[in-house]
Structure formats: structure tokens, C-alpha cells
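The sequence and the model are shown below.

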Amino acid sequence: MTAEKVPLVLVADDESDLLGIVTFRLQRAGYDIVTASDGAEALALTRERRPELCLLDMMMPKLSGMEVLREIRADPELAGTRVIMLTARALEGDVQRSFEAGVDDYLTKPFSPQELIARVTAQLGRSRA
Amino acid sequence: VPEREDRYTRADAAPALIAPGLDEAERLAALQETALLDAPAEEAFDRFTRLESRLINVPIAAINLITDERQVLLSECGIGEPWGSRRQMPLSYSFCQHVVSSGAPVVTADARTNPLLHDNLAVSELDVIAYAGVPLFTAERQVLGAFCITQPEPREWTNAELEVLRDLAAAVMSEIELRVTRARFAAQRTFLTGVIENLHDAVYAVDPSGTPVLKNEALYVMQGLPQGQARDLQRYHDWVRIYEADGTTELTMGTSPIYRALHGERVVREPFVIVLHGSGIRREVEISSAPIVTPEGVHLGAVSASRDVTAARAAERAREEFFALVSHELRTPLAAITGYLEMLEEVDGERLSDDGRDFLRILDRNSQRLLRVIGDLLFAAQIEAGTMHLVVQDVGLRELVTDTVTSAGPRAAGLDVSLTSQVSDDVPETIRGDPGRLAQVLDNLVSNALKFTPAGGSIEVGAHIVDGSVRLTVTDTGIGIPAEEQPRLFERFERARAATEGAVQGVGLGLAICRAIVEGHDGRISLESAPGEGTTFIVELPARQAPGAAPDEAKEAHAS
């Protein structure tokens, strides 16, 4: 254990079972996790808890991943928040739009645990495992 | 011919006319086509009989059309009643029928002494004594009738008089031919109008000044324009506005498809949106437009055809949304299953029995298999719907081949099949294509080869240059494919008999998907095989030029 602060990662997905997998993997990799089950909750928690990284599912109720991303990018107080978008393979146009909206990376579902950890680690700049 | 003239006509100084010798049915058809058989008297023809009568000072002149049952007096001068009003008479009164049957002039100074004419009723009842008749020839050398002159006393016709008769007969025929040609054009116009009116596409044409000159019913139907008298083409643009496909940029006169066509451009199925003024209804249309130019290069105007694709586009969007939804709904639970299986093994794997761990592996393997089948089915549905998307970029050829061999290596080793690669030195570093999809092609082909190659056999994945094309090959030493099964193998759900009988896994989509991907890259897939000796699948891809773009990109390319 070091005194260094453990990075907080927000994971938002309306599919609670998939949320469980991502949460399990990231906790095992040593991150603190906060979860949201829709876009509005994800945005509220991002403002309240200031996670270093948000993993946003593209298709969510209330606010889509894309809308949450735009809100984050429009808010100067959230500058520096990293965002990885989770998209379904069937919607490849989403990737293009995400980059235009300022996403840092994306993951295409289904993804392996190794892929997930690799992308998150790349964004947070260090390995926790 | 001279012999016959000696018998009943005076020798004619003009060159002998040749009898057409054509079928009588064709002659009668030509006669019908003039539409003159039961037409009222016309000044255009009466002018000729009057002129003839005056020019050579003869009391009676007539233009007679001869059918198979009667003589029709198209025009007459001096015949008198009742025939003048009836405008037709039985053939038993007709001298002119002999002109028609011989195709040559019939000339007599005194019919009473002429062996052919002396018992004709016209001699005894109508006092037709002197007679001269010349054929009315069509351009196709059909004789429709005769232009004739008669008088009730004997008369020796001079050559000059007969020449006048022949010249006027030719003038009469010009008049008749003019009418036939006009009627043919009118019929053709009616036919073309029928074609245009019955097109499902909305057609509209302008003259070189851009003034609308033609429309069809579909135009009004599609654009919901008012019926009847309100259909004033000049007011077309009061009713309809055309926008770019985005639905917001209104076209100016200079950017409208028909205007571009007027300036020589061909517009092929470009997407636009039209908005109807009254109702505000929006329709998505595809407009094609082309200049109309004579072979000599004279510009006559331009035509535009619009197709309403509103319903088709909506169906396409609904289908894509459906695929996305189905894809999500099928994959999400499977992703959860595989995810939690992995977690279970990690968390509790140590505590499970060997059997329990085996069961977990079997669960995982089957989930992965189901995931692949769902992926294949959804992709096949995309291909079917024409919505296959290729993400085109540079693809490293060597990596493509070695990655395939590496990833299938463990399976091949497990089956005791040797799996190697062979890449020629002269292949390019990269080709243009969708790396994921091209890898899928090679993976499918290698998976296939593994299914049909017995233990101890070998599989080689190759990349070569043949005739300027990149040739990717997957060669196995398997059981081979009989010639009769080869042509259908790339169809969906087709499986080789050996696959069916051998209970080999798969639904028969792999090769159909390979073909769709390869053709999407402007390439070709084929196979060479002999039963018992093995099979080579060959994928030929263009060495450098960009492959066929995804549908969206293709549309943009058209529009630019």
C-alpha cells in the first residue's frame, strides 16, 4: 500500500449484469469504482464524485453515452475527465461521432478483460495490477 | 408488257412502270393506313381533279382508291349524280381496277372496242368511252388506286396529256404519303405518351430555355398536385420545393438536376428531398436527369425522372434499427454468460473438482460458438440488406497471414494438422481493405480447411502476386470437394455433402460471408479441388486501388 490516491473510475451501463463484470474486473485491477445505471445518474455522479475516468455505455436510458460525453466536455469544471465509450459492434458510426465529440478511447462490445484493463490503464497512465 | 399494251391500250411513250408484284394483303393494309377510304371529300384532293380537268380540257377526272370489293372516289370532278354523292361504286363499274392489277397505266381511245373493257358496266350505263388511268404508287411501290380521266366520246390521248396526268398522280401520292407519315408520327407519339404516362417514376421535361414541356401522371401523384385544370406546368415551382438530401439546403435554379442536365450533365439517381407547399409533406426522392441531344448535337432540352424512395428508405432505417436491436439483445446476455463464467473460474476455479472445471470450459466453448453464429447471422443479414459496412484502411498483408496462422495454430496442433504460411517476396506491404473483415475471410477458410483435413494432413496459407493482383490462398490436403458441389458452395446455407454427413459444425454461412466480403473489396473468390487430393481456396484482391466503398460512401461519391 502506498499513500497515493487510488483513481476513481465511473462505470455506467443500464445492463446491470454487464456492469457487474466491468466493476469486478476494475476492482480486481485496483481501482475505486462508482457505478451508474443510466446517463443522467452518470452525469450527476461525475459532477459529484469527480472520477478521473468515465466508462460510458453508448445506449443508456435518460441520457445516452454521447449526451453525457457532450455535457462533460461542455463543463469547464470537468476538464481533464477521461472518457472511454462502450459501443456495440453493430453501430460503427458511433465510433466516428464519439471521436468528434471528444472521447479519449472506445471499446467495442464484447471485449475481453485484458482489453478492458489495457485501455483503462492506458488512460490513467499507470498499471494498478 | 408491250404485248399486253397492244391488246387493249395505246402504246405509251413514257417508260413502262413495273408491276409491284407484292402481296394483295399488304396492299390492302397500306390502303387502310391512309385512313382515306371513308373520309369526307377534301379540298386538298379536289384541287387536283379540278386542275387536271382544266389543264387538258377533259370533262371527268377522278382519284379512285381500289379495295378488294369497291372503288372509292377520293375525289371527282364532273362525274355527276348519283355516284358523285355516293363517292363509291362497285368494281363492276371500275376501269381503274385494271390499273391496280397490272400496276401500269391503262389508256384507251374507245372502250367499246377494247377487249378488256367493252363489257364493263361503266361503258353501257355511264357512257365512259375514252379513258386514261395511271397508278397511284406508294413509296413502297404499292398501288393504292388510279388517277383517271374519261369522256363520253372517243379521244386519242396525247403524250403531253398523259404526262400531265402522271405528274398530278405523283402529286396526289405526295399528299397521301404526307398524311400517312403524319398519322404514323401521331401514333408513335400516342405510344410514347402511353409509355411515359404509365411509368411509375415521375417524369418531367423542359425545352432548351428551361420551359416545362412535358409531365406525366406520376409527377402529379407523387407531388400531390391538384388535378385537372390547375395542372399548369408553368406553376410547377409554386407547388414543390427541392432540397439537398439533408432536407435543409434548398436547391437554386442552377443546382437543380434538370438545369444541370440542360448544361450537359447526366445526373444518376441522386438523393433529394422534396417538400410540397400546400401540405408540407416531405418525400425522399432519387432524381435522374439527362440532356436530350440529337445525333447531330442539337440540344432539344432535358428530362428528369424522380422516384419516391420515402417508403424504401424508412424500411431500410427500420431494418438497420432492428438489426442493431437484435444484435444488442442477443449479445448482451451472452456477454454476461461468458463474463460470469470467466469470473466464476477465477474466483472459485480452485475449489471446483476436475469435472466441474471441465463443465465450465464446455459452457464457455459453447457460449463462444453461439456468439460466433449470432455474429455470422447478423452479418449475413446485413449483406442481404445491402448494408454491409467496410472500414477501409491500409492492411498489412504479412500480418494478415501470420495472425491467421498464429490464432488457428493451437487448434491445428490439437488436430495433428500442420499449419504453415508462405508469403512471396514480391507482395506489396499493404493493400486497401477492412482488416477485420479480411481476417474473417482467412479465419473462415482456415476453419473450413481444419474441419475437412484428417490428422497428419497439412494446411498452407499463402500470399502471392499473380497478374498484378494479390492472391491469398488456403490450401489443404483434405478430403476435397466433388466438382458438382463446387459452384453452389458460396451460396448461403449450402454445405458440402461431406459436411452434412460428417456432422461437421456450422450453418453454411462461412463461405457466403467470405464471398460477400471479398466482392465488397472488388475481389473474387474461387476454389480448385479434387476429391481425395485436397482443396485450394483462392482470394484475388486488387493490388492497390481502393475497393468498393461502403454504401454510404458510395452515395456520397455520387453526390459530389
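This is a predicted model: local features need pLDDT of at least 70, side-chain atom pairs count only at pLDDT 80 or more; totals for chains, interfaces and linings use all residues.

In strand β12 of chain B, Ala302(B) is the bridge partner of Val206(B).

**Strands of chain B**

Strand β7 (residues 202-206) and strand β12 (residues 299-308) of chain B run antiparallel and are joined by five bridges. A further pair between them is formed by Ala205(B), whose bridge partner in β12(B) is Val303(B). Ala205(B) also stands opposite Leu214(B) in β8(B). That contact belongs to the pairing of β7(B) with strand β8 (residues 212-215) of chain B, an antiparallel arrangement with three bridges. The two strands β7(B) and β8(B) form a hairpin with five residues between them, in which Gly210(B) takes a positive phi near 90°.

The strands β11(B) and β12(B) make a hairpin with five residues between them, and Gly297(B) in its turn has a positive phi of about 95°.

Another strand of the chain, β19 (residues 534-542), holds Glu540(B). Glu540(B) counts as buried because its relative accessibility is 17%, under the 20% limit. Apart from neighbours within four places in sequence, Glu540(B) is in contact with Val470(B), Arg471(B), Val518(B), Gly523(B) and Arg524(B).

**Chain B as a whole**

Chain B contains 17 helices and 19 strands. Of its 560 residues, 45% count as buried. Among contacts in chain B with a separation of 6 or more, 63% are between residues 24 or more positions apart.

**Salt bridges**

Side chains of opposite charge can pair when their charged atoms come close. The count of salt bridges over all chains comes to 31. The table lists some of them, with the distance between the nitrogen and oxygen atoms.

| Residue | Partner | N to O distance |
|---|---|---|
| Glu33(B) | Arg184(B) | 2.6 Å |
| Arg155(B) | Glu161(B) | 2.7 Å |
| Asp348(B) | Arg351(B) | 2.1 Å |
| Glu346(B) | Arg28(A) | 2.9 Å |

The salt bridge of Glu33(B) and Arg184(B) links distant parts of the chain, with Glu33(B) in helix α2 (residues 24-33) and Arg184(B) in helix α7 (residues 159-197), 151 residues apart. Glu33(B) has a relative accessible area of 35% and is therefore partly exposed. Arg184(B), at 43% relative accessibility, also counts as partly exposed.

Are Arg155(B) and Glu161(B) buried or exposed? Arg155(B) and Glu161(B) are both buried.

In the salt bridge of Asp348(B) with Arg351(B), Asp348(B) counts as partly exposed, since its relative accessibility is 22%. Arg351(B) counts as exposed, because its relative accessibility is 68% and the limit is 50%. Elsewhere, salt bridges that share partners join Arg269(B), Glu284(B), Glu286(B), Arg313(B) and Arg317(B) into one network.

**The interface with chain A**

How many residues of chain B are in contact with chain A? In chain B, 16 residues are in contact with 16 residues of chain A. Between them the two chains bury about 1400 Å², of which 64% lies on carbon and sulfur atoms. His328(B), Met343(B) and Glu346(B) lose the most area on the side of chain B, together 32% of what that side buries.

The interface holds two salt bridges. One of them joins the side chains of Glu346(B) and Arg28(A), with a distance of 2.9 Å from N to O. Three residue pairs across the interface are in polar contact. Helix α11 (residues 310-348) of chain B gives the most to the side that touches chain A, with 13 residues. By class, that side of chain B has eight nonpolar, five polar and three charged residues.

Notes. Residues are numbered from 1 along each chain as its sequence is written. Chains are lettered from A and ligands numbered from 1 in the order in which they are written. Side-chain values use heavy atoms; hydrogens and water are left out. Contact means heavy atoms within 4.5 Å. Buried area is the accessible area (1.4 Å probe) that two parts lose on being put together, summed over both. A salt bridge is a side-chain nitrogen of Lys or Arg within 4 Å of a carboxyl oxygen of Asp or Glu. A polar contact is a pair of N or O atoms within 3.5 Å; within protein, one must be able to donate a hydrogen and the other to accept it, and residues adjacent in sequence count only if both atoms are side-chain atoms. Helices (H or I, at least four residues) and strands (E, at least two) are DSSP runs, numbered from the N terminus. Ala, Val, Leu, Ile, Met, Phe, Trp, Tyr, Cys and Pro count as nonpolar, Asp, Glu, Lys and Arg as charged, and the others, Gly among them, as polar. Two strands pair if DSSP finds at least two bridges between them. Buried means under 20% relative accessible area, exposed over 50%, partly exposed in between (1.4 Å probe, protein chains only).
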